[in-house]
Amino acid sequence: MLACSAGAWAQQALPFDPAQSRFGFEIRTRFGQRIEGLFPRFDGTIEVLPDGRHRVHLRMYTAQVEIPGRPRHTQWMRSEDFFDAARFPLVEFLSEPYDPATVVRGGDLVGTLTLRGVSRVETLKLMPAECDRPGYDCDVISRGTVLRGRYGMDKWQVAVGDRVTFILRARLADAPIP
């Protein structure tokens, strides 16, 4: 998701900065209300491959997922009706290798999403960067929408829509000196 020069970081795993990154999601009720959630606990890296391409590995912990200011919604998100945190403690995304220039210009980031023990290929849309060093001087922003029913999250279909949109704002921990 983040750009860096292959020479400076060859064959390294660059960690996300937990203080500056934010990983969340939103769902909509059948009445049009938007419910926004956060994964306050996450970890992940950008792996710089020997050929200069990058690969993202992100893990978000479902036992800590929260809907700010809504304790009942938070409990529902953690329950077996949604993320089922007791049985499936992680949501993981592992991207296919990609050209780091994609982070600057924007574009698709394809990878495997594992949610509730089900793995499917999904696409995140990277927004064009708002600075010269995305991931260091500005957030890398991506969005991806999945159908929750495909992951066994099919409870409450009458009240809550099937679409879950993941919204990721990422920064790396240690910025190289320009």
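**Confidence**

I began with the model's confidence, since this is a predicted structure. The chain has a mean pLDDT of 89, and 89% of its residues reach 70 or more.

**Helix α2**

Next I took α2, which covers residues 71–78, and looked up burial: Thr 74, Trp 76 and Met 77 are buried. I asked how these buried residues are placed around the axis of α2. Viewed down that axis they fall within an arc of 160°, so they line one face of the helix. For the helix geometry I kept in mind that an α-helix has 3.6 residues a turn, so residues three or four places apart point the same way. Pro 71 and Arg 72, on the other side of α2, are exposed. I also looked up what the buried residues of α2 pack against, and found β2 (22–29) and β10 (160–170).

**Disulfide**

I searched the whole structure for disulfides and got one. It joins Cys 131 and Cys 138, with the sulfur atoms 2.1 Å apart. The angle about the S-S bond is -75°, and the link is left-handed. I checked accessibility as well: Cys 131 and Cys 138 are both buried.

**Cavity**

How many cavities of 30 Å³ or more does the structure hold? I found one. The largest cavity has a volume of about 110 Å³. I listed its lining, which includes Leu 58, Met 60, Phe 93, Leu 113, Glu 122, Thr 145, Phe 166 and Leu 168. Sorting the lining of the largest cavity by strand, I saw that β5 (54–61), β8 (118–126), β9 (140–147) and β10 each supply at least two residues.

**Positive phi**

Last, I looked at backbone angles, bearing in mind that most residues other than glycine have a negative phi. Asp 84 has a positive phi, near 55°. I placed Asp 84 in the loop between α2 and β6 (90–95). Its relative accessibility is 5%, so Asp 84 counts as buried. Arg 116 also has a positive phi near 55°, and it lies in the loop between β7 (107–115) and β8. Is Arg 116 buried or exposed? At 13% relative accessibility I count Arg 116 as buried, the cut-off being under 20%.

How values were computed
Residues numbered from 1 in each chain as written. Predicted model: local features only at pLDDT ≥ 70, side-chain atom pairs only at ≥ 80, totals over all residues. Heavy atoms only, no water. Buried < 20%, exposed > 50% of the residue type's maximum accessible area, 1.4 Å probe, protein only. Helix = DSSP H or I, 4+ residues; strand = E, 2+ residues; numbered from the N terminus. Arc of directions from axis to C-beta. Contact = heavy atoms within 4.5 Å. pLDDT = per-residue confidence, 0-100. Disulfide = S-S within 2.5 Å. 1 Å grid on protein atoms, 1.4 Å probe; cavity = no way out; pocket = protein on both sides within 12 Å on 5 of 7 lines; lining within 4 Å. Points joined across faces, edges and corners; volume = space filled by probe spheres on them.
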